[in-house]
Protein chains: 4
Amino acid sequence: MSAEARIRDSFARQSMMTTLGAELVAVAEGRVAVAATVAEGLRQQAGYAHAALIFALGDTAAGYAALTVMPPDVDVLTVEMKINLLSPGAGRLVAEGRVLKPGRRLVVVAADVWSEVDGKRTLAAVLQGTMIPVA
Amino acid sequence: MSAEARIRDSFARQSMMTTLGAELVAVAEGRVAVAATVAEGLRQQAGYAHAALIFALGDTAAGYAALTVMPPDVDVLTVEMKINLLSPGAGRLVAEGRVLKPGRRLVVVAADVWSEVDGKRTLAAVLQGTMIPVA
Amino acid sequence: MSAEARIRDSFARQSMMTTLGAELVAVAEGRVAVAATVAEGLRQQAGYAHAALIFALGDTAAGYAALTVMPPDVDVLTVEMKINLLSPGAGRLVAEGRVLKPGRRLVVVAADVWSEVDGKRTLAAVLQGTMIPVA
Amino acid sequence: MSAEARIRDSFARQSMMTTLGAELVAVAEGRVAVAATVAEGLRQQAGYAHAALIFALGDTAAGYAALTVMPPDVDVLTVEMKINLLSPGAGRLVAEGRVLKPGRRLVVVAADVWSEVDGKRTLAAVLQGTMIPVA
């Protein structure tokens, strides 16, 4: 199974991705993009994207980016993740994950999450974290 | 309006909390607890609580803990949050947020997220972050 | 060699600890404290303790706390560390590190760094991070 | 006074920079680089650059990058900083700081720290954090 097929399979098994209406939009070596519309049920008290939605997309994009550089028989889990929220998320969110440092024991990753409203793209958040392979 | 009433009002306006089935379980000066059951639609690929659910509860508990130490007319937003995931989340999750350092310009917060299965409580995650008051 | 003896030996081999005038002040299972005076050459532009000094003490206390729960033949390295600076550091700094979650593959740690001036103790920083055992 | 002159002046007042043998190597709008040789007194137990040295350079480069986008009469302080250590630091370290999001209340920053040995450049660490302007 190709890395993309494995990732699509894993993504489909994450029920949270369905709940959030998220979709895989790009898979390449060391880079994965995940997107979702800021639906009615995914907001914070002021009507913007909830931080947990932004986190979910960024963490997932980063995790699958790590998976592209791992052997076929392993999964990855998030060890830790740090998010800085730069501006409110609205419209459509696109998270672009990337591998900063592959490794056998740990993979260091990052993700940018963009907010797209009326064709205008704003950086909503940046994430930096660590993934660990599990059998 | 009391701090608790303001927090309950704000919580009810966060549609994400409804989507996640989360509830406010305790509000005290500098301390707020939020809980949710790991429902079917909130899981990762191995069937455990999705990291985004754990993040959502921890971030929300920490944010409302910050709100208890702010003037009545302000809201708070997450500036940044770091999560370390310690063990898989399952059953019922309880996030306990607390203020580490109140401030006029920023409030430093932390949260522990516990996983409760068959009466056994395990620390699933710890979060440390910064909240900013907004008018 | 006891955990404390191994830690004292490792500490002595860290030339940075000598440069910073740091000393080990307590070693217990899962808990280590490290301290230093904010000497003339360790300051930032306003005369307070440089963030790197505060980081150094907190990271070292947390790392050695992790070492107390590892087998005798391994060393630990910092994978990642997050610091929130709460108030200016001055006088004498005492970092108290602790293990949040021991593990064979990773150890999650935290540290509080206190600033002591004229007998008054203020929390200067909190750290949360991950250590990895190395042969 | 130009941004570069203000930064050089501030840098000179940080006694820790002298202790670490650090120097400002580049100042541009939103970007600052700081470097140091891994001198004998700046090492960890295995002889590599101490994490605190890597942190110091990255945090300083990021902080001064923030200063380039602030009004002339303010200084900046680190609110929080997260570092992921990717590979051992040795030889000469060069930290490249950049502004991710300028702001009146907060500036979000990042830095990469490179290790240069025998003309070969390796990414030693990545940092992501928040700076706050102070009068």
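Seven residues of chain D are in contact with seven residues of chain B, contact meaning that the C-beta atoms, placed from the backbone, lie within 7 Å. On the side of chain D that touches chain B, β3 (75-85) and β6 (120-134) of chain D each supply at least two residues. The largest share, three residues, comes from β3(D). By class, this side of chain D divides into three nonpolar, one polar and three charged residues; Ala, Val, Leu, Ile, Met, Phe, Trp, Tyr, Cys and Pro count as nonpolar, Asp, Glu, Lys and Arg as charged, and the others, Gly among them, as polar.

This is a predicted model, in which local features need pLDDT of at least 70 and side-chain atom pairs pLDDT 80 or more, while totals for chains, interfaces and linings use all residues. Residues are numbered from 1 along each chain as its sequence is written, and chains are lettered from A in the order in which they are written.

Within chain B, strand β4 (residues 92-101) is largely enclosed by the rest of the structure, because eight of its ten residues are buried. Buried denotes 20 or more other C-beta atoms within 10 Å of the residue's own, with C-beta atoms placed from the backbone. Strands are DSSP runs (E, at least two residues), numbered from the N terminus, and two strands pair if DSSP finds at least two bridges between them. The pairings of β4(B) are as follows.

| Partner of β4(B) | Sense | Bridges |
|---|---|---|
| β2(B), residues 31-37 | antiparallel | seven bridges |
| β5(B), residues 107-117 | antiparallel | nine bridges |

B:Gly97 in β4(B) is the bridge partner of B:Val32, and B:Ala95 stands opposite B:Val113 in β5(B). A hairpin of five residues connects β4(B) with β5(B).

How values were computed. Buried ≥ 20, exposed ≤ 12 C-beta atoms within 10 Å, placed from the backbone. Helix = DSSP H or I, 4+ residues; strand = E, 2+ residues; numbered from the N terminus. Contact = placed C-beta atoms within 7 Å.
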